[in-house]
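Start with the fold, then turn to the ligand. Keep the sequence and the model side by side.

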Amino acid sequence: MKKWLKEKLSCPECLNNQAPLDLDIKEELSDDVMEGELRCTACGRCYPINKGVAVILPEKSMSLMSDKSGYNSQSMLSSYLWSHFSELFNDPDATDAYKVWSSYFRETDGYALDIGCSVGRLSFELSKTHSHVIGIDSSVSFVTKARELLNQKRLDFDLIIEGFITEKRSCDFDASWNYDRIDFIVADALALPFPKSSFSTVTSINILEKVPSPIRHLADMNRVLNEENSMLVFSDPFSWDETVSASELWLGGTPHGKYKGRGIDNISKIFSGEEGIFDPPLEIADKGNVSWKIRKTENLWEHINSQFIVGTRK
Ligand SMILES: C[S@@+](CC[C@H](N)C(=O)[O-])C[C@H]1O[C@@H](n2cnc3c(N)ncnc32)[C@H](O)[C@@H]1O
């Protein structure tokens, strides 16, 4: 974990009083803490840093580490490395989805937060326009890989062709990414380990439908987003799934109830201040559809329409 990140963190167990964390360094490599511990100055809870990866999860989120969704698997790593970086190794089927989402980022000297960052593509893009970028994800495998990419500034991986048959793919990374400005940690989108009003840009891309309480994810983004001069780039396919969240908690996809109708319409209303979840409300700067792809094997692909909204505060 980069040392600069410490000043930005607060205990996810003590979010109401925004308790800072003390850092105990056992091993460091230049500005990176490789082994150590963060300790809450209020409740005393400790958060480990092992092999450079800080895990800043409250007790109630520790089950995320057991990974029922498969985001720690080797096959998921191959899928997401392909999705995020295939255009850099000139794959003819590459998706330009990440270029579309990142086209909304604006130059600022503020911090950016990429929630559910996976292997980090949007965090790398955010480093072109922001002074610091923090990517968070609940998958240790993704965060470990994202930090490895950050240090190596290039990609080398085994792309799954079929079963255990793989092929090497590699490429150098974009020279315009500012690697010193970026770090990745393991954290929960529903208990973001940062104080109120910490970020000028927050991204939530394809994660809303993956969390057990979508409304809490929105509320926690409101908490950490600056009240002025800020932007939220949101996108989701709204493929609601009862194995992830109870249907009463969905923000769309049902014919009855508070959030009946389409997710994108309900999210637009929530951004605009309905229910007071976003306070101050967000102005809708743009809306649309992004064609996104996940490549599972040579023969198995997911083609996804992710619906995005860009919300801003003046
Ligand atoms: C569908 S993937 C999208 C990844 C990335 N944003 C993208 O669009 O390529 C969902 C991501 O959210 C992460 N995730 C799921 N639940 C999470 C949670 N509660 N907190 C943080 N990350 C979570 C997963 O590990 C995965 O990386």
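Helix α4 (residues 140-152) lies across β6 (132-137) and β9, at about 160 degrees to β9. Helices (H or I, at least four residues) and strands (E, at least two) are DSSP runs, numbered from the N terminus. Angles run from 0 to 180 degrees between N-to-C directions of axes, which are lines fitted to C-alpha atoms, for helices over the stretch in contact; contact means heavy atoms within 4.5 Å. The model is predicted: local features need pLDDT of at least 70, side-chain atom pairs count only at pLDDT 80 or more, and totals for chains, interfaces and linings use all residues. Numbering starts from 1 along each chain as its sequence is written, and side-chain values use heavy atoms, leaving out hydrogens and water.

Now the sheet. Seven strands form an open sheet with mixed pairing, in the order β9-β6-β5-β10-β11-β13-β12. Strands pair if DSSP finds at least two bridges between them. β9 (182-186) and β12 (283-297) are the edges; each has a single partner strand, so one side of each lacks a neighbour in the sheet. β12 pairs with β13 (residues 300-313) in the antiparallel sense over 13 bridges. Lys287 stands opposite Ile309 in β13.

Next, the ligand. Polar contacts are pairs of N or O atoms within 3.5 Å. A polar side-chain atom of Asp137 is 2.6 Å from a ligand oxygen atom. A polar backbone atom of Gly116 lies 2.7 Å from a ligand nitrogen atom.

Methods:
A polar contact is a pair of N or O atoms within 3.5 Å; within protein, one must be able to donate a hydrogen and the other to accept it, and residues adjacent in sequence count only if both atoms are side-chain atoms.
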